[in-house]
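Welcome! Take a look at the model, try each task yourself, and then read on.

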Amino acid sequence: MEDIEGVQWGKLLINLNNALNALSGLPLRDQLAQRSWRTLFADQIREALAVIKAEGIAPLSTTPLPASFTPFILKLPNALFTRIAASMVKIDPKARSSMWEDLQRGRRTEIDHLQGLIVALAERHGLKAPLSARIVALIRNAEEAGKGSPGLTPEQIRAVGQC
């Protein structure tokens with residue numbers, strides 16, 4: 001029998017990109033084509049993996065590689081990433097995340113069930129999840145502003161004091 005909890009956590013790791021896509025305003029394919037965005041995504045996954053491990057959960061990957069290997073793949077130079085992760089970049093050129101759509105339509109997002117969950121679990125285990133906490137704050141700001149995606153860069157997302 002398949003480990004449903006592990007599968008759900010593996011999917012959550014991949015869905016952490018939803019908030020990054022919403023904050024960027026870029027189509028998913030364009031976002032994943034840029035190493036700076038993938039590096040930010042990889043750092044989020046690493047932060048989440050530490051928290052998930054503390055919770056005693058082993059996330060299952062939706063790819064043949066273990067979930068812990070995903071950050072390494074994401075940080076590869078563009079040419080290598082495009083070759084190795086070809087299926088990740090085979091996306092409709094205009095596709096964006098559902099969280100981006102929520103911001104565009106002035107709806108509340110699912111941030112509490114993604115980065116918000118990572119922050120809550122980190123607190124439960126006495127750990128820090130500063131990148132996830134920052135992304136939650138930025139999404140909350142965008143929700144409150146009601147102007148859609150703020151069109152941030154990876155550097156702006158990482159910059160403390162932007163909220």
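**Exercise 1.** Is Ser149 buried or exposed? Find out where it sits and what surrounds it.

*Solution.* Keep in mind that this is a predicted model.
- Step 1: Locate the residue. Ser149 is part of the loop that runs between helix H9 (130–145) and helix H10 (154–158).
- Step 2: Check its accessibility. Ser149 has a relative accessible area of 19%, and buried means under 20%, so Ser149 counts as buried.
- Step 3: Look for polar partners. Its side chain reaches the backbone oxygen of Ala22 at 2.7 Å. A polar atom of the Ser149 side chain also lies 3.4 Å from the backbone oxygen of Leu23.
- Step 4: List the surroundings. Beyond residues up to four places away in sequence, Ser149 touches Ala22, Leu23, Ser24, Gly25, Trp100, Leu103 and Gln104.

**Exercise 2.** Stay in that loop and describe Gly151.

*Solution.* 
- Step 1: Gly151 also has its place between H9 and H10.
- Step 2: Its relative accessibility is 42%, so Gly151 is partly exposed.
- Step 3: Setting aside neighbours within four places in sequence, Gly151 is in contact with Leu23, Ser24 and Gln156.
- Step 4: Now compare chain and space. Gly151 and Ala137 are 14 residues apart along the chain, and their C-alpha atoms are separated by 15 Å.

**Exercise 3.** Which element gives the most residues to the largest nonpolar core?

*Solution.* 
- Step 1: This core has 42 residues, and Leu13, Leu16, Ile118, Ile135, Ile139 and Ile157 have the most contacts inside it.
- Step 2: Elements that give two or more residues include helix H1 (4–15), helix H2 (17–24), H4 and H9.
- Step 3: The answer is H4, with nine residues.
- Step 4: Zoom in on Ile135. Not counting residues up to four places away in sequence, its contacts include Ala19, Leu20, Leu23, Gln44 and Ile157.

In soluble globular proteins, nonpolar side chains tend to be buried together.

**Exercise 4.** How many salt bridges does the structure hold? Trace a few of them.

*Solution.* 
- Step 1: The count is nine.
- Step 2: Asp43 and Lys75 meet through their side chains, at 2.8 Å from N to O. This pair links distant parts of the chain, with Asp43 in helix H4 and Lys75 in the loop between H5 and helix H6 (78–84), 32 residues apart. Lys75 is partly exposed, at 26% relative accessible area.
- Step 3: Arg108 pairs with Glu143, their closest N and O atoms being 3.4 Å apart. Arg108 lies in the loop between H7 and H8 and Glu143 in helix H9, 35 residues apart.
- Step 4: Compare the two partners. Arg108 is exposed at 56%, whereas Glu143 is buried at 16%.
- Step 5: Widen the view: Arg108, Asp112, Arg140 and Glu143 are linked in a network of salt bridges.

Note on methods: Residues are numbered from 1 along each chain as its sequence is written. This is a predicted model: local features need pLDDT of at least 70, side-chain atom pairs count only at pLDDT 80 or more; totals for chains, interfaces and linings use all residues. Side-chain values use heavy atoms; hydrogens and water are left out. Helices (H or I, at least four residues) and strands (E, at least two) are DSSP runs, numbered from the N terminus. Buried means under 20% relative accessible area, exposed over 50%, partly exposed in between (1.4 Å probe, protein chains only). A polar contact is a pair of N or O atoms within 3.5 Å; within protein, one must be able to donate a hydrogen and the other to accept it, and residues adjacent in sequence count only if both atoms are side-chain atoms. Contact means heavy atoms within 4.5 Å. A nonpolar core is a set of buried Ala, Val, Leu, Ile, Met, Phe, Trp, Tyr and Cys residues joined through side-chain atoms within 4.5 Å. A salt bridge is a side-chain nitrogen of Lys or Arg within 4 Å of a carboxyl oxygen of Asp or Glu.
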